[in-house]
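Hi,

Here is the structure I promised to pass on.

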Amino acid sequence: MTQVTNASSILFRDDEAGLLLELQDGVAMLTFDQPNSPLNTLGTRAAEAFAEMFDVVERSSEVNALVIVSDKQDTWIAGADIEELSRISTPLEGEELSRMGQQLLSRLASMQKPSVAAIHGAALGGGLETALACTHRIATDSPKTIFALPEVQLGLIPGAGGTQRLPRLIGVQAALDMILTGRNVRARKALKLGIVDELVHPSILVAVARQRARQLADGQPLDIKRRSRDAKQLASEILLDDNALGRRIVFKKARESVLGKTRGHYPAPLAAIEVVQRGYEDGFDAGLADEARRFGDLAVSPITRELVYLFFATTALKKDTGLAEGDDTAPLSVRKVGVLGAGFMGAGIASVAVQAGTLVRMKDSSTQRIASGWQAVHHVLSAREKRGSITPAQLNDMMSLLGTTVDYRGFADADLVIEAVFEDLAVKQQVMLEVTAVAPEAIFASNTSTIPIEEIAAASARPDYVVGMHFFSPVHRMPLLEVIVAPATSSRTVATAVQYGKKLGKTVIVVKDGAGFYVNRILSPYLNESGYLLAEGAPVDLIDKALANFGFPVGPLTLLDEVGLDIAAKSGPIMAAAYGERMERASALQRVIDSGRLGRKSKSGFYKYDGSGKRTGVDENIYKLLPMGNRGAAIHETEIQRRTVFAMLNEAVRCLEEGVIRSPRDGDVGAVFGIGFPAFLGGPFRYLDTLGATAAVRQLDDLNASHPGRFEPSPLLRRMAENGDQFHVSSTRSSHT
Amino acid sequence: MPTFGNGRRVAIIAGVRTPFARSGTVLRDYTAIELGKIAVAELVQRSEIDGADVDSLVFGTVVQSVIAPNIAREISLLPHFPRTLQAFSVGRACASANQAITDAADQIALGHSHMAIAGGAESLSQVPILHSRGMSDVLVAAAKARSTTKRLATLAKLRPRDLVPITPAIAEPSTGETMGQSAEKMAKLNDISREAQDRFALRSHKLAWAGTDDSRLTSEIALVPEKPNAEQMLSRDNGVRENSSYEQLAALKPVFDRDYGTVTAGNSSPLTDGAAAVLLMSEERARELGMIPLAFIRSYAYSAVDPAEQLLQAPVIAAPIALERAGLSLRDIDLIEMHEAFAAQVLSNIQGLASKSWARRAGFDKPTGEVDMSRLNVMGGSLAIGHPFGATGARILTTLCNELARRHKQFGMLTVCAAGGMGHAMIVERE
């Protein structure tokens, strides 16, 4: 950290922070290249260095203007250092951190000399806030260049002036959309919204930025042709953004929408709305003060703690090879993947595979089935194209990677074949043998949700090539993949399935073979318990509402309708056979299944559906199938939650105890991303740590007393209660256990 | 024994095509480029090669896209290949795919290429319709105008007659004769009766139906989603008639000479959309990769006649030259695939091959020989299956090689007639 005083053009350098300030023709070029990191992040250390740079820029009479560039490939500045955020222990500490960022950027914004942000790559969170504080913003017209304020995804709000500068720059509606969703905005959209002033080709970014800086310093007009906004956007801005009454409507609507989506479980979006509104009502500085205060509160909230934990857990899984420690077997690269079955799952798998650039060979028994599979893939991709996430040319390229066939021609050079055929052991073994005959070297992955892989592999002459790849439906949206390892599965097969799963954009957990694997196994007693509640007279909609209020995306009976009761019918006996009494199918569920209802797909389940498939309310006829109808004893919402959730938690601990999952981390991630276990609770194991093993055992014992056989606490949980142990090393932050 | 390539043999590994569909029907929403991409993408997948090993791609088309004139390059930009795969487009009217195949084969024979994809595509549903000269002049001037007022002033010069578009016709630019008129003339010159033509057309449909029914023909076909919503995957040609009868064909009115003509829609090949492609390799590359070739190219020849004379008779000259280059005679040929533009043309070609005077024009003393009908177009031909101009050559080569393999026969010959009075013949052999 030495100021360079010799004749060199270097004004200042801080190698530890990765900042270099050079003088070029009256313009100070600030290059950010954080050492030993693929990204530039804004930690305290970097912020200090920035502050010193700004000092130099302001003091030096040779410097007329500042340009900020990044030397990283794909990022400009990726935002705050999450590691550092997770160390905040008091609200005051958080507030101070926020104030420090605010002050740094206010200083940049109020500098006498103009500043230009020359942006190539991601400008996220604090990165975007830095850009917003500059006088002028130039971005590259590259798919790598994206803008976002993703703080809400970690339970936070932007803390360095973003809640104040962004709405003033692009209007309240557009700013709230970005702040409340955290969504990525691409370069072209950013120009349209007014986040950036101009787009250029990456090769001229620095030159143009320098030229703009000089022009600004000389007081020359920049003469940029503003794109005319479309009339609809303009009208909405004038009506809603530019007057106090309109804005109040916007804030009210935003609040309603957030409450509808979060059911009040996530305070950050509401805090963000409040802070933006404060800035409009009481001025920029009041807004900043509120921003810092709310940031501080949120930074130490349990919700942020859990969301940050999940962030670290998924980041760690991205680096996980899926193999045991010390096993460094290299995965095979997958150039061509065979998909057996063009049904909903098969097409879903094909849709993510072609997006990953893999050649896909999709086989089914009839051209009619293939047509519907082709349609399904096209549907997924054209939705992406309509959203602007891919270009029409990319859409065509991806579709061209999808080859279809009714025979096994074109399978011999497949590296991996994933079956998504009918959920039946004999059928799965049959197609496995067919694949082996044409492609003896291909890894065979089953997308079964319940059948143990070992049983399928029993028919194979090369069981080491057989693995489970359990995708969740709809495949293109569900982020989780369970890779299931049978006793004979080889390391190379596991490593390949894990690596390819990651290439498909999935978070992958490696799970030991066994009925239901992990996700469906812990789901099973939870769903079953909702059946017992139903039998005792709890109404369908109340059960679902109770669990939605708990934080699940949908309740268990809605889930059964969506998944299909026929699927549940198949898995029930398998689970009961494997795990005995506690998974015996609730007779109420059995009766509903036996009534022939299939759920949404047959437009008849626990709920009614109209001709177009829209749900129209509970099907009252359900109650005729139940002993108590809907007139049983009133069951309180918290009791509904307690019974269903504890059934799930207890089963999750059994999975850990039996080595079905490798760690509580995997169990948390699997439940959150596979089932929608409330993220703000961090997952079953984090939630158990929050509750405490002793309290959990007490609840289970209590439940087991009134419902014998279903709630016997797992031995591990009992031991932990006795020893006062926790699943996670530290309840505040731990990514590995 | 002289063979093509001076000892460096060119192997035909596989061929794939889209279904052939009468234009304006199920493939009408596909451009030729899209059809070509489908055939080539499926060829890569089905033949189980790595697209990175392909080193050249040659494609033919007749009615070119104005927007993307190098169809081959567009296809080579499929994600199946590295962007460095070079590609060029060729044109030899209805023998364009053949030209693509022989150009690719030449490069392999020279040692410049080891794995090539060649073929052709045509959409006669999506032909470019041209503006009139007056309209073009005004539009060009308007595009150059510097202000809106000037632009409007330029547009005001348009006259109603300028609005009539120009549609391309299948006519010879040199003679003004349409293809059908030429076929009609050949029927008269060679004394090909209406009945003979209709019987031959019927034969084409019956044999093509048999090949469709037992899937020998359909096994060449890539599944194509019917646009716009992929309600079904198209898997067969839609021009082949199961229940065609002689009486139906005989009842059709002549199209090109209403009074004394014999050429009807029933004994002519229909305007068709479709694409076809073949995979070629040097013999050594095929061996390295453990690929079993369907057949090898033994020889080929191109020829031409005066378009004003018998426009579609040039295969009669190409065939004996190709046979001579192969060191074979017509008797040695186990299967013949003769492109069927018109029944009158096929029957004229057969007559010509047996004729001494046509042999002399090719430079031979003796006639090429009598065509054994049991070896000719054993699964029908373009009359039934259809004829997407740029694609037919690759379709015929694929069908010929597959059927030779199925029958365990050694030698095959294909001939194609083309606009401009041109002809092509190729001899293939199996080991």
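This is a predicted model: local features need pLDDT of at least 70, side-chain atom pairs count only at pLDDT 80 or more; totals for chains, interfaces and linings use all residues.

Strand E1 (residues 10-14) of chain A runs antiparallel to strand E2 (residues 19-24) of chain A, and 4 bridges join the two. Helices and strands here are DSSP runs numbered from the N terminus (H or I, at least four residues, for helices; E, at least two, for strands), and two strands pair if DSSP finds at least two bridges between them. Within this pair, A:Phe12 sits opposite A:Leu21 of E2(A). The hairpin of E1(A) and E2(A) has 4 residues between the strands, and A:Gly18 has a positive phi there, near 80°.

E2(A) is also joined to strand E3 (residues 27-32) of chain A, antiparallel again, by 6 bridges. A:Leu19 has A:Phe32 in E3(A) as its bridge partner. With 2 residues between the strands, the hairpin of E2(A) and E3(A) has A:Asp25 at a positive phi near 60°.

Residues are numbered from 1 along each chain as its sequence is written, while chains are lettered from A and ligands numbered from 1 in the order in which they are written.

Chain A has a mean pLDDT (the predictor's confidence in each residue, from 0 to 100) of 93, with 96% of its residues at 70 or more. Over residues 1-8 of chain A, pLDDT stays under 50, and the model has 6 contacts for them beyond four places in sequence. Residues 731-737 of chain A are below 50 too, with 21 contacts beyond near neighbours in sequence. A contact means that the C-beta atoms of two residues, placed from the backbone, lie within 7 Å.

**Chain A as a whole**

Chain A has 29 helices and 21 strands. Its C-alpha atoms fill a box of roughly 85 × 60 × 55 Å along the principal axes. Of the contacts in chain A with a separation of 6 or more, 72% are between residues 24 or more positions apart.

**Where chain B comes in**

On chain B, 17 residues are in contact with 19 residues of chain A. Helix H1 (residues 32-46) of chain B gives the largest share of that side, 5 residues.

Cheers
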